[in-house]
Amino acid sequence: MAYIFLDESGDLGFNPKKKSSKYFVITFMFVENKNPVEKVVKKVARSLSKKELKKFVGELHACKEKPKTRIKMLSALNEKRISVVTIYLNKKKVYTKLQDEKHVLYNYVTNILLDRIITRKLIPKNAPISLIASRRETNKFLNQNFKGYLKRQVKDNHELDIHIEIKPPSSEKCLQAVDFICWAIYQKRERSDESYFNLIKDRVVEESPLFP
């Protein structure tokens, strides 16, 4: 089985008065075996201090953790057999029409990432593909639209079948792992802070702009 885990950082707001982010980042983490990554997340969670454990609700989230926890997670993931592909949007350059169709833009970017991970042959030939996305959109229609769109694109362009699930990170430890990776990439773009990205950069296969 080939597993692709999806997460995002930033937002798709386009109103500078509401302090929207400058960049929006979508990241795929590809693994053939989930177990090593799950063990990393479990180990990092067990290393939390007693004070941190009192606030722990079963889910590690990069933006809420202390630097030492982020460093521990990213350093450990950098040693595992994972591949990371990411696209970042400079939102100032996104076409006005797409700014008003956020779910279309989201689906479009995700499909580009999926196409690249298949084209680069990161996925073994004929391996069943499971894409697991972090739950971001509570509207059921958009969730179904997202899954249907990607399934059609993969089938039409690559003649492959893909199983797509949308889960909360609390139920899937690998989603927590890709959250840290995506957050690190976002820090590099949004805040020009590469310190966290440098901990995981060996696993990044592609980091590309959209609408450069």
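**Entry 1: a charged surface**

I began with Arg46, which is exposed at a relative accessible area of 60%. My scale calls a residue buried under 20% relative accessible area, exposed over 50%, and partly exposed in between (1.4 Å probe, protein chains only). A note on the source: this is a predicted model, where local features need pLDDT of at least 70, side-chain atom pairs count only at pLDDT 80 or more, and totals for chains, interfaces and linings use all residues. Residues are numbered from 1 along each chain as its sequence is written, and side-chain values use heavy atoms, with hydrogens and water left out.

Arg46 sits in helix α1; helices (H or I, at least four residues) and strands (E, at least two) are DSSP runs, numbered from the N terminus. Which residues gather with Arg46 in a patch of positive charge on the surface? I found Lys39, Lys42, Lys43, Lys68, Lys72 and Lys173 there along with Arg46. A patch takes residues with over 30% relative accessible area and no salt bridge, and joins like charges within 9 Å. A salt bridge would need a side-chain nitrogen of Lys or Arg within 4 Å of a carboxyl oxygen of Asp or Glu. I placed each charge at NZ of Lys or CZ of Arg.

Helices α1 (35-46) and α3 (67-77) each supply at least two residues of this positive patch. The largest share, four residues, comes from α1.

**Entry 2: the cysteines**

How many disulfides does a search of the whole structure find? The search finds zero, taking a disulfide as a pair of cysteine sulfur atoms within 2.5 Å. Cys174 is in none, and its nearest cysteine sulfur, that of Cys182, is 15 Å away. Cys182 is in none either; for Cys182 the nearest cysteine sulfur is that of Cys63, 11 Å away. I also checked burial: Cys174 is buried at 0% relative accessibility, and Cys182 is buried with a relative accessible area of 0%.

**Entry 3: two positive phi values**

Most residues other than glycine have a negative phi. I noted Lys121, with a positive phi near 60°, in the loop between α5 (102-119) and β4 (129-134). Lys121 is exposed at 72% relative accessible area. Ser192 also has a positive phi, near 55°, and lies in the loop between α7 (173-191) and α8 (197-200). Ser192 is exposed at 64%.

**Entry 4: Phe28**

Is Phe28 buried or exposed? Phe28, in strand β2 (residues 23-31), is buried at 0% relative accessibility. From Phe28 to Leu53 I noted 25 residues in sequence and 29 Å in space, C-alpha to C-alpha.

Definitions and conventions: Patches are made of residues with over 30% relative accessible area and no salt bridge: like charges are joined within 9 Å, nonpolar side chains (Val, Leu, Ile, Met, Phe, Trp, Tyr) within 5 Å. Accessible areas come from the Shrake-Rupley method with a 1.4 Å probe; for residues, only the protein chains shown count as cover. Lys and Arg count as positive and Asp and Glu as negative; His and the chain ends are not counted.
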